Amino acid sequence: MNTESNTQPVIEARQLDLVFQTNDGPVQALKDVNLTVNKGDFVSFIGPSGCGKTTFLRCVAALETPTGGELSVNGMTPDEARRKRAYGYVFQAAGLYPWRTIAKNIKLPLEIMGYSRDEQESRVRNVLELVDLEGFGEKFPWQLSGGMQQRASIARALAFDADILLMDEPFGALDEIVRDHLNEQLLALWTRTEKTIGFVTHSIPEAVYLSTRIVVMSPRPGRITDIIDSPLPKERPLDIRDTPEFIEVAHRVREGLRAGHSDD
Ligand SMILES: Nc1ncnc2c1ncn2[C@@H]1O[C@H](COP(=O)(O)OP(=O)(O)OP(=O)(O)O)[C@@H](O)[C@H]1O
C-alpha cells in the first residue's frame, strides 16, 4: 500500500471548541479537540454518553458550527466540503423511506442532485454490490432484516462515491451476531474502497476490531483523553479478538475510558 497516501490529512481539528447555549446555561460539548485523520484511516470515537462524539461528527459534516478553533475537511471548510459532497453520513437508525424500494431510497439524493437515469441505475447497482445486497433493490425496507436495512443505508451514503464515510453508531441497535457480521463486511468494504471512515461506537471490541486509530473521549467537557494507533494488521478475521495484541489494545481503551471518568 502507498504509505504517502496514508499521511494525507483529510480531517484536521485544531483546538476545536463547541459551546451550546441552552435554557439551563452554556453546555461545553467539545473542548480543545485536536485530531488529524489521514486518508484511508478507520477512526473510531468511543466514550460515555454525552462526551461529544456525535457533536464532533456533526461538526465535520457541517451540521453544527464550532464556537472556537479550526476544522478542515479535505483542506476545505466543512461547509465547502458538504457542498462538494466530500462525505456520506450513516445514522444510527437506517432512516429509509418505507414507501420507496431500496433502490429508490438510494436514488433519492441522486435524483435531487439531477443525475441522469442511467447514472442513477449504475450507481445503485454498484453500491448494492458493495454492501452485498445485489437483488434486493426492488424490495421495500420492511422486507429486509435490521442488518440489511443498515447495509442499505450505508449503500445510500456511498452513492455519491465520497471518499469520507461518517458513521454514527450504525450498528448500535443490532444484536451481537448481526453486528459481528456487519463489522466483518464493513472492514471488507473499507479495504476494497480505501475510504476514510469516522465511526462512533460505545463498544470497545467493535472499536478495536474495526479501527486503525481509536479516539477515546470523556465528558463534561467533551475532550480527547487518548488516541491509540492500532498495531493490528489490516487483514482481520473475527478471531483476532482472542489474540494478546487485540486484548492489549482493548485494555488501553478501557484504561482511557476509566481515566476520563476519574476526572469528573
Ligand atoms: N443541539 C444541542 N443543544 C444543546 N446541547 C446539546 C445539543 N446537542 C448536544 N448537546 C449536548 O452536548 C453534549 C455532547 O452531546 P453528543 O450527542 O455529542 O454526545 P455523544 O458522546 O454523542 O453521546 P451519545 O453517546 O449519548 O450519543 C451533551 O451534553 C449533549 O446534551
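In which loop does Pro221 lie? I found Pro221 in the loop between β8 (213-218) and β9 (223-229). For element names I used DSSP runs, numbered from the N terminus: helices are H or I with at least four residues, strands are E with at least two. This is a predicted model, so I took local features at pLDDT of at least 70 and side-chain atom pairs at pLDDT 80 or more, while totals for chains, interfaces and linings use all residues. Residues are numbered from 1 along each chain as its sequence is written.

I checked the peptide bond from Arg220 to Pro221. That bond is cis, with omega near -10°. Most peptide bonds are trans, and most residues other than glycine have a negative phi.

I then looked up positive phi values. Arg85 has one of about 55°, although it is not a glycine. Arg85 sits in the loop between α3 (78-83) and β5 (87-90). Arg85 has 14 other C-beta atoms within 10 Å, so it is partly exposed. The scale, with C-beta atoms placed from the backbone, is: buried at 20 or more others within 10 Å, exposed at 12 or fewer, partly exposed in between.

Glu169 also has a positive phi, near 45°. I located Glu169 in the loop between β6 (164-168) and α7. Glu169 counts as buried because it has 20 C-beta neighbours inside 10 Å.

I listed 13 residues around the ligand; the closest are Phe20, Ala29, Ser49, Thr54 and Thr55. The elements giving two or more residues to this shell are β1 (9-22), β2 (25-38) and α2 (53-60). A residue is in if its C-beta atom, placed from the backbone, lies within 6 Å of the molecule. The largest share, 3 residues, comes from α2. By class I read 4 nonpolar, 8 polar and 1 charged. Here Ala, Val, Leu, Ile, Met, Phe, Trp, Tyr, Cys and Pro are nonpolar, Asp, Glu, Lys and Arg are charged, and the others, Gly among them, are polar.

I took α6 (residues 146-158) and α7 (residues 176-193). Their axes come within 10 Å and cross at roughly 30°. That makes α6 roughly parallel to α7; the cut-offs are under 35 degrees for roughly parallel, over 145 for roughly antiparallel, 65 to 115 for roughly perpendicular, and oblique for the rest. Axes are lines fitted to C-alpha atoms over the stretch in contact, with angles from 0 to 180 degrees between N-to-C directions. Gly146, Gly147 and Gln150 of α6 meet Val178, His181 and Leu182 of α7. Contact requires C-beta atoms, placed from the backbone, within 7 Å. These contact residues divide into 2 nonpolar, 4 polar and no charged.

Note on methods
Contact = placed C-beta atoms within 7 Å.
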